[in-house]
Amino acid sequence: MTIQEVRQRYQIPEKILKEYENWGFGDTVEPMPEVREYDDQDIEYLSLIMTLYEIGFQSSEVEEYMRLLLMGTETEQRRIEMLNRHRAVHLPVEVV
């Protein structure tokens, strides 16, 4: 899919697409804007990036999380810690 198709079909903000490319995560993304192609893996990563922003991650945290994800399962504990830290800060406390 081209950048326009991805933006329109999945409502992904241009800011996120640019960050994704600047961070170097789109290995399948061609370097010339008019021929960029995003595959299913790119769409999954972009969806995750949008979710991370929605739960309160800052740009640098999103980049760190994604780099850890790409490193594989040995970073799973660190990623869980990052998610739990945001959950503790952003989710309301349940009253019993």
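**Figure 1. Packing of helices α1 and α2 in the predicted model.** Helix α1, spanning residues 3–10, packs against helix α2, spanning residues 14–22, at an angle of about 135°, and their axes lie 10 Å apart. The model shown is predicted.

**Figure 2. Residues at the contact of α1 with α2.** From α1, the contributing residues are Ile-3, Val-6 and Arg-7. Helix α2 supplies Glu-14, Leu-17 and Glu-21 to the contact. Classified by residue type, the contact of α1 with α2 comprises three nonpolar and three charged residues, with no polar residues.

**Figure 3. Helices along the chain.** The secondary structure of the protein consists of five helices and zero strands. Read along the sequence, these elements give the pattern α-α-α-α-α. The pair α1 and α2, with residues 3–10 and 14–22 respectively, is the one detailed in the views above.

**Figure 4. Burial, contacts and surface of the protein.** The protein has 96 residues, of which 31% count as buried. Of the contacts between residues at least 6 apart in sequence, 48% join residues at least 24 apart. The accessible surface of the protein is about 6,500 Å², and carbon and sulfur atoms account for 53% of this area.

Note on methods
Residues numbered from 1 in each chain as written. Predicted model: local features only at pLDDT ≥ 70, side-chain atom pairs only at ≥ 80, totals over all residues. Heavy atoms only, no water. Helix = DSSP H or I, 4+ residues; strand = E, 2+ residues; numbered from the N terminus. Buried < 20%, exposed > 50% of the residue type's maximum accessible area, 1.4 Å probe, protein only. Contact = heavy atoms within 4.5 Å. Areas by Shrake-Rupley, 256 points an atom, 1.4 Å probe, with all protein chains shown as cover. Axes fitted to C-alpha atoms, helices over the stretch in contact; angles between N-to-C directions. Nonpolar A, V, L, I, M, F, W, Y, C, P; charged D, E, K, R; others polar.
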